[in-house]
Amino acid sequence: MFDKRDLISSFFLLVLGLFMAFQSLKMAVWSRSGPQEGFFPLFIAVIIIGLSLLIFLKSAILARAEKKEILKKHEESEVSFFRVFSYFILMLLYGLLIEKVGFLITSILFLILILKYMEKQDWWITIVLGSASVIVGYFLFVSFLGVPLPRGLIKW
Amino acid sequence: MLENLSMGFKISLSFHNIIYCFIGCSLGTVIGVLPGLGPAATIAMLITFTYKLDLISAVIMLSGIYYGAQYGGTITSVLLKIPGEAATVVTIIDGNQMAQKGEAGKALGIAAFGSFIAGTFGTIVLSVLAPPLSEFALKFGPPEYTSLMILGLTLVIYLGGKSVIKAILMGAFGLALGTIGLDPVTSFERFTFGTQWLLDGVDMAILAMGIFGIGEILYMSERRVSGFSPYAVKCPEKLRELLPNRKDWKASMKPIGRGSVLGFLVGILPGGGAVVASFLSYAAEKKLAKNPERFGKGAIEGVAGPESANNAAASGAFVPLLTLGIPSNVVMALLMGAFMIHGVTPGPFILKERPDLFWGIITSMYIGNIILLILNVPLIKIFVKIIEIPYVLLSPLIIFICLIGAYSINNKALDILLMIIFGFVGYLMRKFDYEAAPLMLAFVLGPMLEKSLRQSLVISQGSPLIFLNRPISLALMAVTLLFVLSPIVTMFLKRHRFISWNEQVRKTTGL
């Protein structure tokens with residue numbers, strides 16, 4: 001059974017393994033007093049390279065042999081990669097902006113974007129849930145845990 | 001023994017610890033009820049909160065979440081044909097059938113009682129086994145630890161999912177992530193790309209929140225979720241309906257007993273755990289039943305056995321952590337992280353140096369099981385209400401807590417970004433069919449393994465024979481080899497049947 005996913009994933013893992021091997025060879029691998037810092041990473045890299053190559057070759061051979069439609073393991077209908085990607089980007093933006101813009105503004109913007117635009121809730125829920133989350137979050141982290149959350153543009 | 005227990009109870013019966021136990025158990029049940037959010041992600045998120053708490057209270061609460069989730073997952077499995085937890089997938093087969101026939105109360109009731117009996121049994125065995133095991137573990141030196149960890153990793157990989165190669169790859173990836181930071185022996189900087197930030201390595205909570213929290217959220221975000229399962233059954237109204245009658249008890253006693261023992265033993269094995277235990281119990285009960293055709297149509301043994309097994313396994317999972325300092329599954333790895341944050345390294349010394357910690361935790365499990373029985377029998381309707389909360393409201397909350405939680409670890413926004421990247425990795429792993437447990441465990445065990453491996457080789461002056469010269473180490477290596485080489489053993493552990501049961505369950509539940 002050919003699985004396109006295996007082909008792709010094993011390729012990336014292979015690249016990872018090669019990268020790791022390359023980096024670990026730059027380190028000292030062995031000396032008279034035994035294994036050095038490069039030993040373990042190299043060992044791991046070899047395993048990754050070997051096994052990912054195995055999967056890759058197996059998928060490639062099967063792909064050649066079958067030449068059929070790629071077997072889809074899960075239903076692909078209704079799966080919106082756009083949604084996944086949007087969430088991913090929104091979260092990244094949160095992380096990138098929180099220190100510059102501050103906890104308060106970033107969180108409010110983030111929650112509004114998610115609740116209103118991604119999950120299509122109405123304004124009422126967005127505002128209530130959004131503010132509740134930010135307030136609770138503030139109390140939990142700042143008051144209870146004493147974590148200084150970034151103030152950013154607003155100086156509170 | 002009795003003095004230890006009474007000391008432990010004095011600690012766990014203190015007002016604030018009971019509260020924390022209650023919070024943990026309730027939260028655990030809620031988590032179990034909610035599909036998608038599991039104890040791993042929750043505990044990862046809460047680890048940051050435990051900074052402020054005393055270690056005993058923190059572990060009591062976090063443990064409560066873990067075994068509480070085993071109780072909660074049953075509710076959705078029986079009533080909605082959706083598994084709240086991986087360990088309750090098997091309960092769907094007969095549990096939901098029973099519900100369809102109007103016997104939801106019995107299914108839930110026997111599951112709760114079975115879980116209670118098994119959980120208590122597991123805790124008792126834990127209390128009895130742990131001290132001698134700790135004593136034994138004091139004899140362990142670096143070679144023994146190395147062999148033990150190799151065995152542990154091997155088990156996690158073998159008892160994992162379908163593809164062993166993929167599991168090994170995930171294990172290797174986890175080991176790789178563990179090498180980031182300072183080398184444990186020479187303090188050489190590895191894979192830090194010249195940054196200060198990665199000097200301490202990747203934080204376990206970030207990895208866990210990323211893969212299990214954000215990763216799960218991304219996966220769930222693929223489609224707009226709305227409405228319920230079409231198999232929904234109404235929750236039984238009266239308490240009496242939740243009590244199984246004599247006939248049910250008679251039928252269930254042996255499955256509960258077998259499930260408890262089986263579950264505990266499987267729980268001790270790294271990589272074993274509640275999921276495998278529940279599958280094995282189901283298979284065993286079906287095999288041993290008088291009329292096996294009843295299974296799949298609402299046989300109470302198919303609920304009693306697995307439900308007991310998963311709770312006993314949860315108790316068993318604590319054994320390696322508390323006695324040897326080796327985590328047996330992802331949750332234990334996180335608990336280990338919580339210990340280390342508070343400056344305590346779990347291992348055989350805990351019993352000697354911090355008996356208050358040791359017995360406080362164990363006795364809290366007795367209390368926890370009682371609390372859970374109360375929560376799951378009379379108060380079950382509250383939890384059923386929770387299922388009705390639309391997921392769309394919960395996921396933003398979860399994301400938000402993860403985001404701030406990630407920041408709060410080191411006050412660095414970079415940690416948030418790293419967590420999100422791991423989230424994406426976790427999502428890809430889900431899509432490409434790679435297991436997360438080997439990754440997590442290898443990540444935790446990796447640095448420890450490397451350290452003891454290198455220490456061993458220093459002791460032996462470079463000779464790998466040291467692992468075979470010492471009896472305990474030799475024995476452990478032999479068992480590892482047995483697993484790797486013998487297909488009979490792995491078949492006996494029913495990986496085969498596990499996989500085919502897995503497939504059958506997936507077909508039944510349409511997952």
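Into which domains is chain A divided? I find domain 1 (4-66) and domain 2 (81-144). I keep in mind that this is a predicted model. The C-alpha centres of these two domains of chain A lie 39 Å apart.

Next, chain B. I count 24 helices and two strands there. Of its 511 residues, 60% are classed as buried. I also checked contacts in chain B between residues at least 6 apart in sequence: 80% of them join residues at least 24 apart.

Then I picked one helix, α20 of chain B, residues 437-459. Its 23 residues reach 32 Å from first C-alpha to last, close to the expected 33 Å. Still, I see a kink of about 40° at Leu445(B), shortly before the proline Pro447(B). Is α20(B) enclosed or open? It is largely enclosed by the rest of the structure, because 17 of its 23 residues are buried. Just past the end of α20(B), I noted Gln461(B) with a positive phi of about 55°.

Last entry: the nonpolar core. The largest one has 195 residues, and Ala44(B), Ala208(B), Met209(B) and Leu334(B) have the most contacts inside it. Helix α4 of chain B (residues 55-80) gives the most to this core, 15 residues. Domain 1 (4-66) and domain 2 (81-144) of chain A both give residues too, so this core lies between them. I followed up Ala44(B): leaving out residues up to four places away in sequence, it touches Ala205(B), Ala208(B), Met209(B), Phe212(B), Gly213(B) and Leu334(B).

Notes: Residues are numbered from 1 along each chain as its sequence is written. Chains are lettered from A and ligands numbered from 1 in the order in which they are written. This is a predicted model: local features need pLDDT of at least 70, side-chain atom pairs count only at pLDDT 80 or more; totals for chains, interfaces and linings use all residues. Helices (H or I, at least four residues) and strands (E, at least two) are DSSP runs, numbered from the N terminus. A residue is buried if 20 or more other C-beta atoms lie within 10 Å of its own, exposed if 12 or fewer, and partly exposed in between; C-beta atoms are placed from the backbone. Two residues are in contact if their C-beta atoms, placed from the backbone, lie within 7 Å. Domain bounds come from an automatic or database domain assignment. The expected span of a helix is 1.5 Å times one less than its number of residues. The bend at a residue is the angle between axes fitted to the seven residues ending there and the seven starting there. A nonpolar core is a set of buried Ala, Val, Leu, Ile, Met, Phe, Trp, Tyr and Cys residues joined through C-beta atoms within 7 Å.
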